[in-house]
Amino acid sequence: MSDISYDVIIAGTGPAGMTAAIYAQRMGLRSVVYGDLPGGSTYMIEHLSNFPGLLPETSGPQFGTLTFQQASQEGATFTMCLLESLRRADDAFLGVDVNGQRVTAPVAIAASGRTPRRLEVENVQIGGVHLCSICDGPLYRGKDAILAVVGGGNAAAQHALTLSHIAKHVYIICRSENPGIDAAHRRKLAEKLNVTVMLDSEVVALKGQSMIEALVVKQSGLGSKEIQVEGVFQAIGWDPNTAFLDVTVDKTAEGYLKTDGRLMTSVSGLFAAGDVRDTDIWQVLTACADGARAAKSAGDYLAGQ
Ligand SMILES: Cc1cc2nc3c(=O)[nH]c(=O)nc-3n(C[C@H](O)[C@H](O)[C@H](O)COP(=O)(O)OP(=O)(O)OC[C@H]3O[C@@H](n4cnc5c(N)ncnc54)[C@H](O)[C@@H]3O)c2cc1C
């Protein structure tokens, strides 16, 4: 059976992949898109915030469905499963999906997002346990809430700083004695009277029925204590989804794909867009912008520009 050929293979059906597909099609590039859910990570968003022009009533799944319809109307081909591998084969990229179907294209866009690590404790699915402070922090505005951030890096510090403007008090619960928070973030945290950093402390249980009510924290040498909270934000890391890339490509120490100004990776013809690439903002809007840029750059690359 011969491989089906396209102009561009897009891995990911989140905002970055969908936007890349829309732009690629409108530029006359035949695109094939792989992914599990229309909208990618947006399926987790109850109220999609920070997207100009969209009312906060819009849910992530609604947004995902609309982008899927739009890309389909532009003529993109969807294969709703993950790519098992993407590698170089002669002058093209060869994509093989989890069902063994093969496609080739001269350019490819990795828009495969990243997977959040979650606390490994019971009850982690109950209400009030979040992943994104920019997105979900405003739910607590005006409520005099006590919130906790679990994690010990700059991301945890950033979440706590964001939440410090909203909450009555914010606890950062950090497993290590020496958190990986840089000097600039430490300085800003020290200025916040409503932020307490708990070192050497591990969350061992989340208490509550449908909504979080308290955390049980085990402190090294001090035993366990319960902290009443209205919300918890997990900042214990993310894993960029790059395992399917069967190519030698430059990544950051955290595993994000490095890109140049055109969003091309170190592999000629392989572009990256959205949360999977090296960036410092992980939002729907910026993922969409990346998708548009990557598709434009892919078109220019094919035209030899
Ligand atoms: C709980 C939560 C709430 C959020 N709320 C907001 C908000 O209100 N506003 C906002 O702007 N942002 C919000 N975000 C962030 C936003 O969802 C992401 O920044 C955005 O979805 C990133 O888009 P993306 O296309 O880069 O990646 P994703 O949306 O993660 O999409 C990547 C897709 O690629 C798929 N994939 C992975 N591997 C492969 C493979 N091998 N082959 C094919 N496909 C693959 C993944 O399964 C996924 O479906 C929130 C995030 C979370 C977790």
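Figure 1. Because Leu263 has 26 C-beta neighbours inside 10 Å, Leu263 counts as buried. A residue is called buried if 20 or more other C-beta atoms lie within 10 Å of its own, exposed if 12 or fewer, and partly exposed in between, with C-beta atoms placed from the backbone. The model is predicted: local features need pLDDT of at least 70, side-chain atom pairs count only at pLDDT 80 or more, and totals for chains, interfaces and linings use all residues. Residue numbers start from 1 along each chain as its sequence is written. Leu263 is not a glycine, yet its phi is positive, about 70°. Most residues other than glycine have a negative phi. Leu263 sits in the loop between β18 (238-240) and β19. Helices (H or I, at least four residues) and strands (E, at least two) are DSSP runs, numbered from the N terminus.

**Figure 2. Asn123, a partly exposed loop residue.** Asn123 belongs to the loop between β9 (114-116) and β10 (129-130). Its phi is positive, about 75°, although Asn123 is not a glycine. Asn123 counts as partly exposed because it has 13 C-beta neighbours inside 10 Å.

Figure 3. Helix α6 covers residues 284-302, and its 19 residues should span 27 Å at 1.5 Å a residue; the end C-alpha atoms are 27 Å apart, which agrees. The expected span is 1.5 Å times one less than the number of residues in the helix. Among the buried residues of α6 are Val284, Ala287, Cys288, Gly291, Ala294, Ala295 and Ala298. Asp290, Arg293 and Ser297 of α6 are buried too. The buried residues of α6 pack against β2 (8-11), α1 (15-26), β8 (107-110) and β19 (270-272). Gly304 follows α6 and has a positive phi, near 75°.

**Figure 4. Helix α1 and its cover.** The 12 residues of α1 reach 17 Å from first C-alpha to last, close to the 16 Å expected at 1.5 Å a residue. In α1, 11 of the 12 residues are buried, including Pro15, Met18, Ile22 and Tyr23. The cover over these buried residues includes β2, β3 (31-34), α2 (60-73), β8 and α6. Just after α1, Gly28 has a positive phi of about 85°.

**Figure 5. Strands β2 and β3.** β2 and β3 pair in the parallel sense over four bridges. Strands are said to pair if DSSP finds at least two bridges between them. Ile10 stands opposite Val33 in β3. Both faces of β3 are covered, with Ser31 and Val33 buried on one side and Val32 and Tyr34 buried on the other.

Figure 6. Domain 1 (4-116 + 238-302) and domain 2 (129-234) make up the division of the protein, with bounds from an automatic or database domain assignment. Their C-alpha centres lie 32 Å apart. Four residues of domain 1 are in contact with five residues of domain 2. Contact requires that the C-beta atoms of two residues, placed from the backbone, lie within 7 Å. On the side of domain 1 that touches domain 2, two residues are nonpolar, two are polar and none is charged. Nonpolar covers Ala, Val, Leu, Ile, Met, Phe, Trp, Tyr, Cys and Pro; charged covers Asp, Glu, Lys and Arg; the others, Gly among them, are polar.
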